[in-house]
Amino acid sequence: MQRTEKKIVSNILKGSLGNLIEWFDWYVYASFSIYFAPSFFPSHDKTAALLSTAGVFAIGFLMRPLGSLVLGKYADQHGRRAALTLSVLIMAAGSLVIAVTPSYHVIGIAAPIILVLARLFQGLSLGGEYGTSATYLSEMASRGHRGFYASFQYVTLISGQLIALGVQIILQSILSEEMLTDWGWRIPFVIGSLGAIVVLFLRLSMEESDQFKAQKKNNNGSLRLLLKYPKSVMTVVGLTLGGTIAFYTYTTYLQKFMINSVGLPTQEVTLINFAALFIFMILQPIAGALSDKIGRKPLLFWFGIMGTIFTIPIFLTLQQVKTGMGALLLMLAGLIIVTGYTSINAIVKAEMFPTEIRALGVGLPYGLTVAIFGGTVEYVALYLKKINHENLFFVYVTVVVFISLLVYWRMTDTKHTSKLDH
């Protein structure tokens, strides 16, 4: 079925908005944890404190790959629309549960247990969202604009983070710290759950991709079928390795680095982060559209080569910078380099797998790589700082980016060998 560009944009928008809401809900937890933590994890209760630690561990390192496995398999068997609808429904339920759960002082140990369980389900949802949305956006995009449309996965990911940050800034300006700690922290979770319900109805009106509808549904989404594509699986791991570590280095760890190592005020760092991420977001579709013209590999080479050469100089220079503008420019330099990966990583992975295993093939190796390497970026960086070898972290990031560069060098340009055309 030949769709008009208007219809394609409509479906892409519905798929992308769900990604935005999922990441908004995810970041809201991190942004407002300082306010609701005392309500759920009182320091005098060791069991509650242990539950907090276990919950964070399970979410970061277990639930995202599990979500990639469960929802990726579901998407390959029952359709992209069905999986994306289920994913946002799970996230909405998790946010709503967190918003209405009474504090520890009201229901005791049940409060942190409910919070952790809700967060576990949100991790499951987020893990499944990546592979399925990357697959849907890639399959729905018109042939000559796949890089452009698939780049909106990171546009909406960054948008979710920016909106969560914006809600935090607004609430901090109109509510006192006491009000935020008492009940104000529940507001963003209500916003997130309501937004997810709106997106749920939008996703119900999405069209299924033609590739999924045209396939024979015999052994779809099985691990046995995935194992028939070991080279593609390992390529996803290799090209994700440097990209995910660099992404979390420049978007998450860099904030702490600017405060702890550079010595900039927290409020100034928040503004720097907001401005840099906003520009980073705008760059994604520009780079994605460029890949439609010149291929995917030139952008991956840009990230791999520039990341290998400039990671150490950027951080060493940042250690000496004492102005907000200097820090902003250096952060932007890093994010411009990372754009070579973030803007096209979804389409590159989707182009490597056939329809019957695409969502699982894109999601599972990515989810495992992010859980093991992306999720440990801050731990590695802070540990090396603690033992007075912070500069070794810059070497670590450089080495993994170089490893990914070797993968980019050996892989074919998926724009010219895309399995989306089959």
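**Figure 1. The salt bridge between Asp76 and Arg80.** In this predicted model, the side chains of Asp76 and Arg80 meet in a salt bridge with an N to O distance of 2.8 Å. A salt bridge is counted where a side-chain nitrogen of Lys or Arg is within 4 Å of a carboxyl oxygen of Asp or Glu. Asp76 is buried, its relative accessible area being 0%, and Arg80 is likewise buried at 0%. The term buried denotes a relative accessible area under 20%, exposed one over 50%, and partly exposed the range in between (1.4 Å probe, protein chains only). Asp76 and Arg80 belong to a network of salt bridges that also includes Glu139 and Arg358. The structure has six salt bridges by this rule.

Some conventions apply to every view. Residues are numbered from 1 along each chain as its sequence is written, and side-chain values use heavy atoms, with hydrogens and water left out. As the model is predicted, local features need pLDDT of at least 70 and side-chain atom pairs count only at pLDDT 80 or more, whereas totals for chains, interfaces and linings use all residues.

Figure 2. Arg296 forms a salt bridge with Asp292, where the closest N and O atoms are 3.1 Å apart. Both Arg296 and Asp292 are buried. Arg296 also forms a salt bridge with Glu351, with 3.0 Å between the closest N and O atoms. Arg296 lies in the loop between helix 13 (266-294) and helix 14 (297-320), and Glu351 in the loop between helix 16 (345-350) and helix 17, so this pair ties together parts that are 55 residues apart in sequence. Helices are DSSP runs of H or I with at least four residues, strands are runs of E with at least two, and both are numbered from the N terminus. Arg296 has a relative accessibility of 2% and counts as buried; Glu351 is buried as well, with a relative accessible area of 2%.

**Figure 3. The stacked rings of Tyr130 and Tyr366.** The structure holds 25 aromatic pairs. One of them joins Tyr130 and Tyr366, which are stacked at 3.5 Å centre to centre, with 10 degrees between the planes. Rings of Phe, Tyr and Trp (its six-membered ring) are paired if their centres lie within 6.5 Å; planes under 30 degrees apart are stacked, those over 60 degrees are edge-to-face, and the rest are tilted. Tyr130 is in helix 5 (residues 110-140) and Tyr366 in helix 17 (residues 358-372), so the pair ties together parts that are 236 residues apart in sequence. Tyr130 counts as buried at 6% relative accessibility, and Tyr366 is buried with a relative accessible area of 4%.

**Figure 4. The tilted pair of Tyr253 and Phe257.** The rings of Tyr253 and Phe257 form a tilted pair, with 6.0 Å centre to centre and 50 degrees between the planes. Both residues lie in helix 12 (residues 230-262), four residues apart, which is about one turn of the helix. An α-helix has 3.6 residues a turn, so residues three or four places apart point the same way. Tyr253 is buried at 1% relative accessibility, and Phe257 is buried at 1%. Ring pairs link Tyr253 and Phe257 into a cluster with Tyr250, Phe315, Phe393, Phe394 and Tyr396.

**Figure 5. Helix 5 along its length.** The 31 residues of helix 5 should span 45 Å at 1.5 Å a residue, and the end C-alpha atoms are 44 Å apart, which agrees. The expected span is 1.5 Å times one less than the number of residues. Helix 5 bends by about 30 degrees at Glu129, the bend being the angle between axes fitted to the seven residues ending there and the seven starting there. The helix is mostly covered, with 26 of its 31 residues buried.

**Figure 6. Arg119 over the ring of Trp26.** Arg119 lies over the face of Trp26, 3.9 Å from the ring centre. A charge sits over a ring if NZ of Lys or CZ of Arg is within 6 Å of the ring centre and within 35 degrees of the ring normal.

**Figure 7. The setting of Tyr149.** Tyr149 is found in helix 6 (residues 146-150) and is buried, with a relative accessible area of 7%. The C-alpha atoms of Tyr149 and Val399 are separated by 31 Å, the two residues being 250 residues apart along the chain. The protein as a whole has 20 helices and zero strands, and 59% of its 422 residues count as buried.
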